[in-house]
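Work through the following exercises with the sequence and the structure at hand. Each task is followed by a stepwise solution.

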Amino acid sequence: MTAPGTTASQRRIVVGVDGSPASLGALEWAVRQASFTGAVVEAVTAWQFPMTYGGFPVDAGADWPANARAVQDTAVKEALGDEATALVRRVAEGHSVRVLLDAAAGAELLVVGSRGHGGFTGMLLGSVSEHVVAHAPCAVVVIRTPAGDGGARDLPGSHS
């Protein structure tokens, strides 16, 4: 599967973008890597229509794709600023694991963030990163959550 705006012969790096600090780090890393390899970076954001939100029925009038695009736009601007022009952007409906795995077909690299929960669990992979590492059709890079956001570097006795 070739992403819109790319050709089959172009090298691609797919990066999952959900607005989290780790996904911003993943996007920054992917763009730096692409500058070394000449690859095209494809920023992918997934969305799903939730049946409930916080225990309440969801307003069917909400524009979930537009919300996902806004999250991606904000994340790209925050992570890259003016460097964002070279990205291929995609927002797709579906579970984030499936969307990322589908996008990674034919890519040379998939980059995702890992979200820790502080303490010892900060060293563990998040559920999305764990699944894509196990099932991706290409190499995967997982970017740790930055220090101060519950990453493993917050552990007593850890060293930077």
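**Exercise 1.** State how many helices and strands the chain has, and give their pattern along the sequence.

Solution. The model is a predicted one. Step 1: the chain has four helices and seven strands. Step 2: read along the sequence, these elements follow the pattern β-α-β-β-β-α-β-α-β-α-β.

**Exercise 2.** Describe the burial, the accessible surface and the contact range of the chain.

Solution. Step 1: the chain has 160 residues, and 42% of them are buried. Step 2: its accessible surface is about 8,800 Å², with 55% belonging to carbon and sulfur atoms. Step 3: take the contacts between residues at least 6 apart in sequence; 70% of these join residues at least 24 apart.

**Exercise 3.** Classify the packing of helix α1 against helix α2, and characterise the residues in their contact.

Solution. Step 1: helix α1 covers residues 21-37 and helix α2 covers residues 64-80; their axes lie 9 Å apart at an angle of about 60°. Step 2: α1 is therefore oblique to α2, because roughly parallel requires an angle under 35 degrees and roughly perpendicular starts at 65. Step 3: the crossing of α1 past α2 is right-handed. Step 4: α1 contributes Leu24, Leu27, Glu28 and Val31 to the contact, while α2 contributes Ala75, Val76, Glu78, Ala79 and Leu80. Step 5: sorted by type, the residues of this contact are seven nonpolar, no polar and two charged.

Notes. Residues numbered from 1 in each chain as written. Predicted model: local features only at pLDDT ≥ 70, side-chain atom pairs only at ≥ 80, totals over all residues. Heavy atoms only, no water. Helix = DSSP H or I, 4+ residues; strand = E, 2+ residues; numbered from the N terminus. Buried < 20%, exposed > 50% of the residue type's maximum accessible area, 1.4 Å probe, protein only. Contact = heavy atoms within 4.5 Å. Areas by Shrake-Rupley, 256 points an atom, 1.4 Å probe, with all protein chains shown as cover. Axes fitted to C-alpha atoms, helices over the stretch in contact; angles between N-to-C directions. Parallel < 35°, antiparallel > 145°, perpendicular 65-115°, else oblique. Left-handed = near helix turned anticlockwise from the far one by under 90°. Nonpolar A, V, L, I, M, F, W, Y, C, P; charged D, E, K, R; others polar.
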